[in-house]
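Open the model in your viewer and keep the sequence beside it. This tour tells you what to select at each stop and what you will find there.

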Amino acid sequence: MNILTLNCHAWLEDRQQEKIDAIVERIASEEYDLIALQEVNQHKEAPLIYGNIRENNFAHVLVERLNELDLHYHMTWDFAHYGYDIYEEGVAILSRTPFLSTESFFVSKTTDPDNYKSRKIVKAVIEGHEAPTTVYSCHLGWWHDEEEPVKHQLDELLHRVEHDDHALLLGDFNNDAFIRGEGYDYLMENGLQDLFHLATEREGDATVQGKIAGWDENKKSLRIDLMLTNAPIHVSRHAVVFDGENGLVVSDHAGVEATVFWR
(Lines give C-alpha, C1' and ligand atoms only; values in the text may rest on other atoms or scores of the structure.)
Protein backbone atom coordinates (compact mmCIF):
# COMPACT_ATOMS: atom_id res chain seq x y z
CA MET A 1 0.00 0.00 0.00
CA ASN A 2 1.04 3.56 -0.70
CA ILE A 3 -0.10 5.82 2.15
CA LEU A 4 0.01 9.54 2.92
CA THR A 5 -0.69 11.70 5.95
CA LEU A 6 -0.97 15.50 5.84
CA ASN A 7 -2.11 18.22 8.21
CA CYS A 8 -3.74 20.42 5.57
CA HIS A 9 -4.10 23.72 7.46
CA ALA A 10 -7.13 23.92 5.20
CA TRP A 11 -8.47 27.29 3.99
CA LEU A 12 -5.88 29.06 6.17
CA GLU A 13 -3.09 29.06 3.60
CA ASP A 14 -2.11 31.84 1.19
CA ARG A 15 -2.40 30.76 -2.45
CA GLN A 16 -4.75 28.00 -1.34
CA GLN A 17 -5.89 27.03 -4.85
CA GLU A 18 -2.30 26.62 -6.02
CA LYS A 19 -1.66 24.36 -3.05
CA ILE A 20 -4.79 22.31 -3.72
CA ASP A 21 -3.49 21.82 -7.26
CA ALA A 22 -0.18 20.54 -5.86
CA ILE A 23 -1.91 18.11 -3.46
CA VAL A 24 -4.18 16.78 -6.21
CA GLU A 25 -1.25 16.38 -8.61
CA ARG A 26 0.75 14.36 -6.09
CA ILE A 27 -2.18 12.13 -5.19
CA ALA A 28 -2.80 11.54 -8.89
CA SER A 29 0.87 10.77 -9.46
CA GLU A 30 1.36 8.44 -6.48
CA GLU A 31 -2.15 6.93 -6.46
CA TYR A 32 -2.12 6.49 -2.69
CA ASP A 33 -4.27 3.66 -1.41
CA LEU A 34 -4.93 5.44 1.89
CA ILE A 35 -4.74 9.10 2.85
CA ALA A 36 -5.16 10.53 6.36
CA LEU A 37 -5.84 14.27 6.57
CA GLN A 38 -5.98 16.59 9.58
CA GLU A 39 -7.20 20.18 10.01
CA VAL A 40 -9.79 19.47 7.34
CA ASN A 41 -12.00 22.53 7.53
CA GLN A 42 -15.36 23.54 6.13
CA HIS A 43 -17.11 26.87 6.61
CA LYS A 44 -19.83 26.44 9.20
CA GLU A 45 -22.35 28.32 7.05
CA ALA A 46 -21.62 26.55 3.75
CA PRO A 47 -24.51 24.43 2.41
CA LEU A 48 -24.68 20.81 3.51
CA ILE A 49 -24.43 18.39 0.58
CA TYR A 50 -24.67 15.04 2.39
CA GLY A 51 -24.44 13.92 6.01
CA ASN A 52 -22.30 16.47 7.84
CA ILE A 53 -20.26 17.36 4.75
CA ARG A 54 -20.54 20.92 3.46
CA GLU A 55 -19.77 21.91 -0.11
CA ASN A 56 -16.41 23.48 0.75
CA ASN A 57 -15.20 20.64 2.97
CA PHE A 58 -11.51 20.54 2.08
CA ALA A 59 -11.35 16.75 1.73
CA HIS A 60 -14.51 16.76 -0.40
CA VAL A 61 -12.94 19.39 -2.68
CA LEU A 62 -9.90 17.13 -3.15
CA VAL A 63 -12.10 14.11 -3.89
CA GLU A 64 -14.10 16.05 -6.46
CA ARG A 65 -10.93 17.24 -8.16
CA LEU A 66 -9.61 13.67 -8.23
CA ASN A 67 -12.91 12.44 -9.70
CA GLU A 68 -12.31 14.80 -12.62
CA LEU A 69 -9.04 12.90 -13.22
CA ASP A 70 -10.92 9.59 -13.09
CA LEU A 71 -9.37 8.75 -9.71
CA HIS A 72 -12.11 7.75 -7.31
CA TYR A 73 -11.72 7.91 -3.54
CA HIS A 74 -14.10 7.02 -0.74
CA MET A 75 -14.12 9.60 2.05
CA THR A 76 -15.05 9.77 5.72
CA TRP A 77 -14.75 12.93 7.87
CA ASP A 78 -15.97 14.19 11.21
CA PHE A 79 -15.98 17.49 13.05
CA ALA A 80 -14.06 17.91 16.33
CA HIS A 81 -14.18 21.64 17.10
CA TYR A 82 -14.63 25.10 15.66
CA GLY A 83 -11.53 26.82 14.32
CA TYR A 84 -11.12 30.59 14.06
CA ASP A 85 -14.86 30.91 14.86
CA ILE A 86 -15.94 30.22 11.27
CA TYR A 87 -14.71 26.71 10.45
CA GLU A 88 -15.84 23.26 11.46
CA GLU A 89 -12.50 21.49 11.81
CA GLY A 90 -11.97 17.76 11.75
CA VAL A 91 -10.02 14.83 10.36
CA ALA A 92 -10.60 12.65 7.30
CA ILE A 93 -9.61 9.39 5.65
CA LEU A 94 -9.63 8.81 1.90
CA SER A 95 -9.43 5.30 0.45
CA ARG A 96 -9.19 3.86 -3.06
CA THR A 97 -11.21 0.84 -1.90
CA PRO A 98 -14.61 0.93 -0.16
CA PHE A 99 -14.81 1.12 3.61
CA LEU A 100 -16.01 -1.95 5.46
CA SER A 101 -16.91 0.35 8.35
CA THR A 102 -16.27 3.86 9.65
CA GLU A 103 -16.65 5.56 12.99
CA SER A 104 -15.39 8.54 14.95
CA PHE A 105 -14.82 9.02 18.67
CA PHE A 106 -13.52 11.60 21.12
CA VAL A 107 -10.22 10.98 22.86
CA SER A 108 -10.15 14.30 24.73
CA LYS A 109 -11.84 14.83 28.08
CA THR A 110 -13.72 17.79 26.63
CA THR A 111 -16.25 17.24 23.87
CA ASP A 112 -17.20 20.92 23.63
CA PRO A 113 -16.90 21.98 19.97
CA ASP A 114 -16.21 25.56 21.10
CA ASN A 115 -13.01 24.36 22.78
CA TYR A 116 -10.20 23.93 20.25
CA LYS A 117 -8.68 21.28 22.51
CA SER A 118 -11.59 18.96 21.76
CA ARG A 119 -10.07 16.03 19.83
CA LYS A 120 -11.88 13.43 17.75
CA ILE A 121 -10.36 10.51 15.83
CA VAL A 122 -11.78 9.10 12.60
CA LYS A 123 -11.43 5.35 12.11
CA ALA A 124 -12.01 3.30 8.96
CA VAL A 125 -11.66 -0.38 8.16
CA ILE A 126 -10.79 -1.53 4.65
CA GLU A 127 -10.36 -4.97 3.13
CA GLY A 128 -6.77 -6.25 3.07
CA HIS A 129 -5.07 -9.04 1.14
CA GLU A 130 -5.15 -11.40 4.12
CA ALA A 131 -6.97 -9.44 6.83
CA PRO A 132 -8.75 -6.09 7.17
CA THR A 133 -6.64 -2.98 7.77
CA THR A 134 -7.83 -0.45 10.34
CA VAL A 135 -6.80 3.16 9.78
CA TYR A 136 -6.96 6.03 12.26
CA SER A 137 -6.60 9.69 11.29
CA CYS A 138 -5.27 11.40 14.41
CA HIS A 139 -4.89 15.00 15.54
CA LEU A 140 -3.91 15.04 19.19
CA GLY A 141 -2.99 17.49 21.93
CA TRP A 142 0.24 18.40 23.73
CA TRP A 143 2.20 16.54 26.39
CA HIS A 144 2.48 19.45 28.85
CA ASP A 145 -1.15 20.64 28.57
CA GLU A 146 -2.54 20.44 32.13
CA GLU A 147 -6.08 21.33 31.05
CA GLU A 148 -6.34 18.58 28.42
CA PRO A 149 -3.48 16.12 29.03
CA VAL A 150 -2.48 14.18 25.97
CA LYS A 151 -1.67 11.07 28.02
CA HIS A 152 -5.42 10.62 28.51
CA GLN A 153 -5.93 10.97 24.75
CA LEU A 154 -3.19 8.47 23.99
CA ASP A 155 -4.67 5.97 26.45
CA GLU A 156 -8.09 6.31 24.82
CA LEU A 157 -6.54 5.71 21.40
CA LEU A 158 -4.38 2.80 22.55
CA HIS A 159 -7.43 1.15 24.11
CA ARG A 160 -9.15 1.16 20.71
CA VAL A 161 -6.11 -0.21 18.92
CA GLU A 162 -5.91 -3.20 21.31
CA HIS A 163 -8.71 -4.84 19.34
CA ASP A 164 -7.13 -4.42 15.87
CA ASP A 165 -4.96 -7.02 14.15
CA HIS A 166 -3.54 -4.63 11.52
CA ALA A 167 -3.76 -0.96 12.49
CA LEU A 168 -2.21 2.15 10.98
CA LEU A 169 -2.25 5.30 13.12
CA LEU A 170 -1.55 8.29 10.90
CA GLY A 171 -1.52 11.99 11.58
CA ASP A 172 -0.42 14.97 13.60
CA PHE A 173 0.36 13.66 17.08
CA ASN A 174 1.72 17.01 18.39
CA ASN A 175 4.38 15.03 20.26
CA ASP A 176 7.88 15.38 18.93
CA ALA A 177 9.70 12.15 18.08
CA PHE A 178 13.00 13.95 18.77
CA ILE A 179 12.09 14.46 22.48
CA ARG A 180 12.64 11.64 24.95
CA GLY A 181 10.36 10.77 27.84
CA GLU A 182 7.20 12.36 26.48
CA GLY A 183 4.28 11.37 24.26
CA TYR A 184 6.26 9.74 21.47
CA ASP A 185 8.14 7.45 23.83
CA TYR A 186 4.86 6.67 25.63
CA LEU A 187 3.40 5.39 22.35
CA MET A 188 6.48 3.27 21.64
CA GLU A 189 6.47 1.85 25.18
CA ASN A 190 2.85 0.80 24.69
CA GLY A 191 3.42 -1.47 21.74
CA LEU A 192 3.39 0.77 18.69
CA GLN A 193 6.11 0.91 16.04
CA ASP A 194 7.16 3.91 13.97
CA LEU A 195 7.23 3.28 10.21
CA PHE A 196 10.12 5.76 10.01
CA HIS A 197 12.40 3.38 11.91
CA LEU A 198 11.10 0.32 10.08
CA ALA A 199 11.75 1.76 6.62
CA THR A 200 14.44 0.36 4.35
CA GLU A 201 14.72 3.75 2.64
CA ARG A 202 14.13 7.12 4.34
CA GLU A 203 13.94 10.64 2.92
CA GLY A 204 13.80 13.46 5.45
CA ASP A 205 12.57 13.41 9.04
CA ALA A 206 11.19 16.71 10.43
CA THR A 207 7.69 17.79 9.38
CA VAL A 208 7.51 21.21 11.08
CA GLN A 209 10.05 24.02 11.04
CA GLY A 210 9.87 26.72 13.69
CA LYS A 211 6.78 28.47 15.01
CA ILE A 212 3.27 27.26 14.13
CA ALA A 213 -0.09 27.37 15.93
CA GLY A 214 0.19 25.28 19.09
CA TRP A 215 3.99 25.60 19.05
CA ASP A 216 4.16 29.38 19.45
CA GLU A 217 7.63 29.46 20.99
CA ASN A 218 9.17 26.76 18.86
CA LYS A 219 12.47 27.47 17.11
CA LYS A 220 13.41 23.89 16.25
CA SER A 221 12.61 21.22 13.70
CA LEU A 222 9.86 18.89 14.90
CA ARG A 223 8.81 15.41 13.81
CA ILE A 224 5.21 15.36 14.96
CA ASP A 225 3.47 13.97 11.86
CA LEU A 226 3.80 10.24 12.25
CA MET A 227 2.89 6.85 10.81
CA LEU A 228 2.60 4.16 13.47
CA THR A 229 1.45 0.54 13.56
CA ASN A 230 0.71 -2.25 16.04
CA ALA A 231 1.53 -5.16 13.70
CA PRO A 232 4.46 -6.69 11.78
CA ILE A 233 4.90 -4.72 8.58
CA HIS A 234 7.52 -4.20 5.90
CA VAL A 235 8.17 -0.55 5.03
CA SER A 236 10.14 -0.17 1.82
CA ARG A 237 10.13 3.64 1.87
CA HIS A 238 9.24 6.50 4.24
CA ALA A 239 9.54 10.08 2.97
CA VAL A 240 8.72 13.63 3.99
CA VAL A 241 6.78 15.39 1.23
CA PHE A 242 5.37 18.87 0.60
CA ASP A 243 8.45 20.32 2.30
CA GLY A 244 9.81 22.50 -0.51
CA GLU A 245 12.30 19.83 -1.59
CA ASN A 246 9.98 16.91 -2.23
CA GLY A 247 6.96 18.84 -3.46
CA LEU A 248 5.57 22.35 -2.96
CA VAL A 249 5.00 23.56 0.61
CA VAL A 250 1.21 23.34 0.95
CA SER A 251 0.72 23.75 4.71
CA ASP A 252 2.50 24.71 7.92
CA HIS A 253 3.20 20.97 8.18
CA ALA A 254 4.99 18.78 5.69
CA GLY A 255 3.32 15.48 4.83
CA VAL A 256 4.63 11.95 5.14
CA GLU A 257 4.25 9.12 2.63
CA ALA A 258 5.22 5.46 2.85
CA THR A 259 5.02 2.19 0.95
CA VAL A 260 4.11 -0.73 3.20
CA PHE A 261 3.35 -4.46 3.05
CA TRP A 262 1.81 -6.40 5.91
CA ARG A 263 4.03 -9.34 6.87
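This is a predicted model: local features need pLDDT of at least 70, side-chain atom pairs count only at pLDDT 80 or more; totals for chains, interfaces and linings use all residues.

Residues are numbered from 1 along each chain as its sequence is written, and side-chain values use heavy atoms, with hydrogens and water left out.

**Stop 1: helix α2**

Select residues 58-68, which form helix α2. Helices (H or I, at least four residues) and strands (E, at least two) are DSSP runs, numbered from the N terminus. Within α2, Phe58, Ala59, His60, Val61, Leu62, Val63 and Leu66 are buried. Buried means under 20% relative accessible area, exposed means over 50%, and partly exposed lies in between (1.4 Å probe, protein chains only). Now show what surrounds the helix: its buried residues pack against elements including α1 (16-30), β2 (34-43) and β5 (74-83).

Next, select Asn57, which caps the N-terminal end of α2. A side-chain oxygen of Asn57 lies 3.0 Å from the backbone nitrogen of Ala59. Just after the helix, select Asp70, where phi is positive, at about 65°.

**Stop 2: His166**

Move to the loop between α3 and β10 (167-172), where His166 is found. Is His166 buried or exposed? With a relative accessible area of 17%, His166 is buried. Leaving out residues up to four places away in sequence, His166 touches Ala131, Pro132, Thr133, Thr134, Asn230, Ala231 and Trp262. A contact here means heavy atoms within 4.5 Å.

**Stop 3: salt bridges**

A salt bridge is a side-chain nitrogen of Lys or Arg within 4 Å of a carboxyl oxygen of Asp or Glu. The structure holds 17 of them.

Select Arg15 and Glu18, whose side chains meet in a salt bridge of 2.8 Å, N to O. Glu18 is partly exposed, at 38% relative accessibility.

Then select Glu103 and Arg160, with their closest N and O atoms 3.1 Å apart in a salt bridge. This pair links distant parts of the chain: Glu103 is in strand β7 (residues 99-106) and Arg160 is in helix α3 (residues 150-161), 57 residues apart. Glu103 is partly exposed at 35%, and Arg160 is partly exposed at 29%.

Finish with Glu201 and Arg237, a salt bridge whose closest N and O atoms are 3.9 Å apart. Glu201 lies in strand β12 and Arg237 in strand β16, so the pair ties together parts 36 residues apart in sequence.

Terms used. A polar contact is a pair of N or O atoms within 3.5 Å; within protein, one must be able to donate a hydrogen and the other to accept it, and residues adjacent in sequence count only if both atoms are side-chain atoms.
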